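Dear colleague,

Please find the structure below, handed over for your records. My notes on its core and on the packing of its helices follow.

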Amino acid sequence: MVQAASGETSSTGARGMAMKKGQKVILEDKYFNRVKPFSGDSRKKDEIDYRTWIFDLIVAIGKIDGELGKELKTLLGKSIREDWDPSQDPDVDMGTHERYSEELFSVLVGLTEGDAKGIVRSLVDRGLPQDGYRALIELNRRYDYKTAASLLHAFMAVVNPDKIQRVED
């Protein structure tokens with residue numbers, strides 16, 4: 001596991017967010033340089049699709065901590081209710097959750113933009129903690145084409161495409 005200098009305390013973590021005293025930065029920005037930001041706007045020409053983005057993200061996380069990568073992959077592969085509680089989920093190790101949830105949230109803030117960032121931000125707006133696990137679940141619920149809402153969004157993008165403004169489009 002890669003950590004900040006041993007024995008030192010840090011006041012800012014990944015993406016410059018505040019950290020608890022004595023907590024070390026583990027999910028550092030440098031490990032996510034190859035993961036392109038995700039906006040969720042499938043109409044943009046250079047936008048990557050959600051499945052590619054989540055794959056790149058999980059691979060980057062797996063390089064840092066393989067167990068965290070496996071845990072997140074398992075979590076995203078199952079159907080999760082709106083009232084999900086990590087302490088009640090048998091697939092979530094609470095030690096891992098405590099160690100990474102805030103830093104993962106910070107990473108997601110830095111790797112999302114547009115509507116996707118709005119989904120991440122909505123957790124804090126609703127008074128929920130900065131929990132990266134929950135933010136990933138919300139993103140997965142919205143953009144993974146296994147859910148009804150995501151299928152409807154994809155269907156609407158096909159039925160109502162953007163107007164062609166130039167011949168090159």
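**Core and helix packing**

The largest nonpolar core comprises 37 residues, and Phe-32, Trp-53, Leu-57 and Leu-139 have the most contacts inside it. A nonpolar core here is a set of buried Ala, Val, Leu, Ile, Met, Phe, Trp, Tyr and Cys residues joined through side-chain atoms within 4.5 Å. Buried means under 20% relative accessible area, exposed over 50%, and partly exposed in between (1.4 Å probe, protein chains only). At least two residues of this core come from each of helix H1 (50-64), H2, helix H3 (94-110), H4 and H5. H1 supplies the largest share, eight residues. Helices are DSSP runs (H or I, at least four residues), numbered from the N terminus.

The model is predicted: local features need pLDDT of at least 70 and side-chain atom pairs count only at pLDDT 80 or more, whereas totals for chains, interfaces and linings use all residues. Residues are numbered from 1 along each chain as its sequence is written, and side-chain values use heavy atoms, with hydrogens and water left out.

Helix H4 (residues 114-125) packs against helix H5 (residues 132-143) at an angle of about 135 degrees, and their axes are 9 Å apart. H4 is therefore oblique to H5. Axes are lines fitted to C-alpha atoms, for helices over the stretch in contact, and angles run from 0 to 180 degrees between N-to-C directions. Angles under 35 degrees count as roughly parallel, over 145 as roughly antiparallel, 65 to 115 as roughly perpendicular, and the rest as oblique. On the H4 side, the contact (heavy atoms within 4.5 Å) is made by Asp-115, Ala-116, Ile-119, Val-120 and Leu-123. H5 contributes Arg-134, Ala-135, Glu-138, Leu-139, Arg-142 and Tyr-143. By class, this contact of H4 with H5 has seven nonpolar, no polar and four charged residues. Ala, Val, Leu, Ile, Met, Phe, Trp, Tyr, Cys and Pro count as nonpolar, Asp, Glu, Lys and Arg as charged, and the others, Gly among them, as polar.

Helix H2 (residues 66-76) also packs with H5, at an angle of about 40 degrees and with the axes 10 Å apart, which makes H2 oblique to H5. Here Leu-68, Glu-71, Leu-72, Leu-75 and Leu-76 of H2 meet Tyr-133, Leu-136, Ile-137 and Asn-140 of H5.

Finally, Arg-81 lies in the loop between H2 and H3 and is exposed, with a relative accessible area of 59%.

Yours sincerely
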